Amino acid sequence: MHPNKNRIRRTMMFLNAHRAGLVKDAYIYKPDSVIFDLEDAVSENQKDSARIQLYNTLKYSDYKGVERLVRINGKESLHWKEDIRAAVAGGCDGIRIPKCEYRSDVTLVEEEVRKAELEFQRPLGSTLLMAAIETPMGVINALELSQSSDRIFGISIGAGDFMRTMHAKRTSEGYEMLAARSQLVLAARAADIMCFDTVHTNVDDFEGLRRDTEQIKNMGFDGKSVISPKQISIIHQVFTPSQKEIQMAEKTIYGVEESAKEGVGVIVVDGQMIDIAMVEGARRVLTLAKASGVYRGDL
């Protein structure tokens, strides 16, 4: 497995690849990942210059460990193959494929990525892929997309185009997104990959953002896209385990490991029945806690 396939991705911040002032030091806001956008954020007459800016940013800027993804243009455009070449040549960590509906949407990009890795002498398989699902057909085929390539690390829902194609309206409660979100997270878990939520478009609605993030976290999502640095800290806070959760995770791991030495598979911790199936979740809690800076243990 690719060493970075399951890294922590609570936040993925979109950046207009054409705007040098935005992209050169965006790591200071400490998102887990950035997505350099060559698609919707860039006007048609600026696509070529944005690609040049992207290459130079990837090649010469130190992002201090922040993952660097690139959203390419869709396959219906004239730009997507050159987008891939520039992204791979610059050394991106992964590519976000827009408007995925069928397995072929991923395999088509995967083949161009493989060609670019050979052309620019990057290790084969080093460029990960992410499938963005933005239509009803994509939602229906979420499992197919999740299993379409060994390079796929996650799938993501894009609400803008999805709402348009569904003839639906965004609400603060999020009822209109529930079916799609549920379908995506089910598919991602079945395929053992990650799942990411759409952006919260009102950048000053911090209460709504927190409510939105709490909902998707409780559903099982791994993270959320952001469009403003102001949104990052709130999302990280929601994904930060409480001290009570950390203590329970420690007790779970330690208790199950100790009971296993005695041949016991089920124990009771703080009044709750615990078995080995819960250890994976406990370790994820501690991994999130370490990423959030609130845990320094070694379990």
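**Exposure and contacts in a predicted model**

User: Is Gln121 buried or exposed?
Analyst: Gln121 has 74% relative accessibility. This is a predicted model, where local features need pLDDT of at least 70 and side-chain atom pairs count only at pLDDT 80 or more, while totals for chains, interfaces and linings use all residues. Residues are numbered from 1 along each chain as its sequence is written, and side-chain values use heavy atoms, leaving out hydrogens and water. Buried means under 20% relative accessible area, exposed over 50%, and partly exposed in between (1.4 Å probe, protein chains only), so Gln121 counts as exposed.

User: Which helix holds Glu176?
Analyst: Helices are DSSP runs of H or I with at least four residues, strands are E runs of at least two, and both are numbered from the N terminus. Glu176 sits within residues 175–191, which form helix α8.

User: Which residue has a side chain joined to Glu176 by a polar contact of 2.6 Å?
Analyst: A polar contact is a pair of N or O atoms within 3.5 Å; within protein, one must be able to donate a hydrogen and the other to accept it, and residues adjacent in sequence count only if both atoms are side-chain atoms. Glu176 has a polar contact of 3.5 Å with the side chain of Arg170. At 2.6 Å, the partner is Thr171.

User: What is the relative accessible area of Asp192?
Analyst: Asp192 lies in the loop between α8 and β7 (194–197). Its phi is positive, near 60 degrees, though Asp192 is not a glycine. Asp192 is exposed, because its relative accessible area is 58%.
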